[in-house]
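Here are my notes for you to read alongside the model. Keep the viewer open and follow the points in order.

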Amino acid sequence: MNRDKAFKFTARLFAGTAICALAAAGALAQSLDDKIVVTAQRTEQSLQDVPIAVSAFGGQEMQNRQIESTQDFQFNVPNFQFSRSQFTNSNVSIRGVGNFVVAASSEDAVSVHMNDIFLSAPRLFETEFYDVERVEILRGPQGTLFGRNATGGVINVITNKADPSKTSGYINAEYGNYNSMKVDGAFNLPLGDRLAVRLAGTTIQRDGYTTNLYNNSKIDDRNTQGLRASVRWLPTNNTTIDFTADYLKEHDNRMRYQKQACEAGPQAPLLGCDPNGPRAFDGVDIRGTIADTASNEFFGAFFGAPQYGLFSLTAPLTSPAQPTDMRQVSWDTNPKYDAEESVFMVNLKHDFDSMTFKLNAGYGNSKIATSMDYDGGVGPAFSVPAATMALPGVGALFAGGFPISAFDVGITGTDGRVGVIGGNIQDVANNYRSIDLSIGESDYWSVEGILNSNFDGPINFLIGGSHLQTNGFANYAVASTPLDYFSVVGGELLGLGPTPPFSSLPCALTTGCSFYVPYYYNDTQDNHLNSNSIFGEVYFQLAPTLKLTGGVRHNWDTKSLRARQDLYDSFIAYAAGLPRAAALVPLGTQSVKALLDSFNPYIPQKGDFNATTGRAVLQWTPSDNAQLYASWTRGYKPGGFNPPTPAIFGVPPTFQPEIINAYEAGIKSNIGGHLQANFTGFYYDYTGLQVSRIVNRTAINDNIDAKIWGLEGEFVWAPTDRWKFNMNAGYLNTKLGDFSTFDPHNPTAGRTDVELIADITNGSNCVITRGASDPTFVGTFTASPFSVCSQLAAAIPTVNTNFGTSYALVPGIEQNVQGNQMQGAPKFKISGGVQYDMPMGGRFMLTPRVDAYYQSKMYTSIFERQQDLVKGYAYVNAQVRFHPTDGNWYLRAFVQNLTNNDAITGAYNGDQSSGTFQNLFILEPRRWGFGAGFSF
């Protein structure tokens with residue numbers, strides 16, 4: 001069935017079922033999911049009574065569908081997508097709306113809550129769910145009631161609370177392939193009629209999914225523990241207070257990305273990888289990276305000493321190709337992953353005669369420190385030049401090979417920013433090697449009060465206010481053998497100095513001199529948010545079956561941070577006029593932070609992002625088993641700060657907020673007590689979609705307008721007590737507005753009448769355009785495409801004057817993305833499940849279940865290159881449970897990802913100075929195993 005036919009069929013199915021639902025509404029029985037109570041409107045309501053597109057899953061239903069982590073919701077919720085992302089984050093998008101920008105000050109478009117409390121830096125994506133009462137997923141912008149007014153939607157995890165009425169508990173255990181072992185359980189203990197405590201925990205252990213052929217090790221394993229404690233106190237018959245403390249810790253070699261893609265081709269020497277053709281796993285040509293600063297040509301041009309270079313730009317320097325198997329890599333560095341989170345929550349509820357007051361308050365601390373093989377392979381071999389070994393103080397450092405800096409920064413070290421300069425070495429290699437570090441910490445606290453009425457009359461209301469504060473840092477570093485080599489050897493050569501005019505500095509004759517900082521470090525500190533809001537809704541019962549809701553919210557958001565980027569800081573400052581002696585430090589120096597403050601100080605940024613949003617809903621309930629609603633919602637996500645960039649690039653200091661005007665209509669119905677059918681149609685007028693691009697080797701963010709519309713359907717059918725079917729489907733149409741920029745991965749835009757240049761000073765690229773009759777610039781006015789873009793820009797006007805040519809130098813050829821799809825937004829998704837309760841001898845039950853999912857193709861970039869295409873894929877789970885009809889134990893056998901599909905869920909495009917590789921995030925492989933559990 002082709003795409004158009006599939007869409008037409010789905011539309012007819014939605015329409016036909018909706019008509020049947022309305023026609024039968026007068027005699028319908030209770031909802032299949034009346035037991036599911038949600039707080040999507042900040043008060044307890046039946047799922048089917050809420051005029052919002054919301055999916056909710058109770059704890060048992062999550063076990064039935066094998067929903068173990070956040071990524072599993074994409075197989076069970078219409079237009080819900082999940083993928084890991086590059087910098088220790090994950091991206092959730094709903095209806096195409098997610099967070100695809102690279103900025104410490106950006107915010108998720110899908111807001112995550114636990115027990116109705118906003119989590120500023122959740123690590124929910126590291127662990128699996130345990131001891132959960134339910135999870136609610138609200139689709140669409142939440143313009144009034146939920147904390148950060150997320151433009152995509154809300155995930156709200158409701159944990160099981162302590163219960164004073166009885167002693168109870170449970171334990172589940174599981175063993176499977178990859179030597180995986182998982183145990184979770186809970187124990188509830190009453191301490192009287194009005195007080196109880198509950199302890200719950202989980203541990204997850206397994207071997208790695210991926211084989212590293214370089215050292216024959218298993219990587220991407222899991223070692224995770226979680227602990228949760230809750231206390232419920234009932235001081236009066238009308239008052240409930242819940243205290244919850246949640247702790248998570250992970251220490252293993254989880255991979256942030258699973259594979260690195262690179263394509264060999266004509267542009268590979270200049271870009272590192274070629275942007276044309278299908279996705280492949282060739283090695284990166286490091287001549288297209290900032291490693292060129294260690295080349296013969298660079299040392300010859302800047303120090304007059306080519307003999308100290310590690311390689312020549314005239315010959316290929318390519319890493320070996322990677323295995324094509326998605327579960328195999330050849331990396332010379334194994335990953336490391338450490339995460340820790342503590343969250344403390346208080347939920348208070350008091351019922352007055354005709355009103356209810358709620359107070360939700362929380363504090364959280366989240367830490368992350370991870371490291372990966374940045375170049376995704378085993379780089380080409382180098383030899384230490386003989387001339388280098390004769391340099392005072394330097395030869396001894398390189399006697400055993402090429403040292404690579406340890407990251408003496410942040411929560412992992414002394415924060416001296418010296419690396420090998422100070423003797424901080426994480427390893428020694430004889431080849432090109434590149435390792436990254438992503439670290440961060442966030443503290444946050446929030447408080448929210450809500451008062452809602454429950455009058456007998458036609459008018460009720462809800463009013464509330466909230467306050468949120470966050471503070472933290474999010475830093476990223478990359479070290480490589482060429483960076484360290486240039487810093488030390490280049491610094492020593494400058495310290496020796498030509499004679500005349502310079503004499504040698506003392507350090508050059510004894511310990512050795514060095515430039516600083518020898519590794520890249522994106523340093524963002526004091527990332528602070530202060531947010532205040534007031535909100536309210538009024539509910540008008542216009543008639544017994546007709547209800548009108550009107551809501552408004554105003555947010556006052558103030559953001560601030562200070563940031564700088566470090567790499568070769570003193571070399572750059574020397575080129576700009578810093579005295580030679582001030583640009584160098586002796587080897588053995590333990591800290592250069594104070595020196596950096598003098599010529600590369602932190603740039604403080606601060607801004608206010610205020611907005612008024614709201615919603616209006618008209619809800620018609622012709623019977624107890626059917627409702628129709630139509631709504632308008634205005635959603636808002638604050639803007640943030642672009643990294644400091646020279647004024648010549650015209651980059652604004654901030655990127656603007658996102659605003660969505662969402663129009664939605666829906667039907668929720670139950671037919672005959674056996675079929676639940678919910679439908680939603682929506683249209684978004686999207687202003688200010690935040691997207692990233694590369695300017696001056698830095699990710700900066702712009703705003704684009706977009707249009708989104710789609711359809712969704714969710715169905716549960718139980719024709720008998722033994723059979724249960726569920727299905728959901730979604731169609732999503734996204735189109736970007738008018739916006740032109742250049743693609744850093746394809747700066748020539750595929751044109752053959754322009755020339756690509758690799759800048760050997762910083763690993764970036766530029767493009768030379770020419771007139772129709774102009775000869776090629778490379779070969780006529782310069783010998784090599786490996787050059788210096790700033791020098792070419794200065795020379796081109798003179799060339800044009802002298803030769804009557806019309807050359808121009810630009811960072812890239814702009815492309816208009818109007819009409820392209822939003823990234824990570826497949827047009828069509830469908831999933832379904834079936835289970836059957838099979839009696840076994842009257843005392844036992846055998847319940848087999850199968851769940852299947854399919855999504856159509858999508859793109860991982862707004863430029864829609866062939867390498868950005870993710871093909872459609874299918875995903876299948878199955879399990880069988882054996883349990884007594886009246887008992888408290890079970891046995892089960894399960895399989896997840898039955899077809900062992902290694903489908904891609906997302907991608908990150910590396911920048912030009914790194915070789916324009918593409919990091920891929922993929923599904924977990926086929927898992928199978930056995931489990932058992934009992935409760936009391």
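1. Let's start with handedness: is the link of Cys262 and Cys273 left-handed or right-handed? It is left-handed, with -110° about the S-S bond. A disulfide joins these two cysteines, S to S 2.0 Å (a disulfide being a pair of cysteine sulfur atoms within 2.5 Å). Cys262 sits in the loop between β17 (259-261) and α3 (268-271), and Cys273 in the loop between α3 and α4 (296-303), so the pair ties together parts that are 11 residues apart in sequence.

2. Before going on, a word on what you're looking at: this is a predicted model, where local features need pLDDT of at least 70 and side-chain atom pairs count only at pLDDT 80 or more, while totals for chains, interfaces and linings use all residues. Residues are numbered from 1 along each chain as its sequence is written, and side-chain values use heavy atoms, with hydrogens and water left out.

3. Back to that first pair. Cys262 is buried, with a relative accessible area of 1%, and Cys273 is buried with 1% too. Buried means under 20% relative accessible area, exposed over 50%, and partly exposed in between (1.4 Å probe, protein chains only).

4. The structure holds three disulfides. Cys507 and Cys513 form one of them, with their sulfur atoms 1.8 Å apart. That link is right-handed, at 95° about the S-S bond, and both cysteines are buried.

5. Cys766 and Cys789 are also joined by a disulfide, S to S 2.2 Å. The torsion about their S-S bond is about -90°, so this disulfide is left-handed. Cys766 lies in strand β39 and Cys789 in helix α10 (residues 789-803), so the pair ties together parts that are 23 residues apart in sequence. Cys766 and Cys789 are both buried. Counting bonded cysteines along the chain, the pattern is 1-2, 3-4, 5-6.

6. Have a look at Thr782 as well, in the loop between β39 (765-769) and β40 (786-787). At 16% relative accessibility, Thr782 counts as buried. Leaving out residues up to four places away in sequence, Thr782 touches Phe777 and Ser787 (contact means heavy atoms within 4.5 Å).

7. Now zoom out. The protein has 10 helices and 52 strands; these are DSSP runs, helices being H or I of at least four residues and strands E of at least two, numbered from the N terminus. Buried residues make up 60% of the 936 residues. Along the principal axes, the C-alpha atoms fill a box of roughly 95 × 60 × 50 Å.
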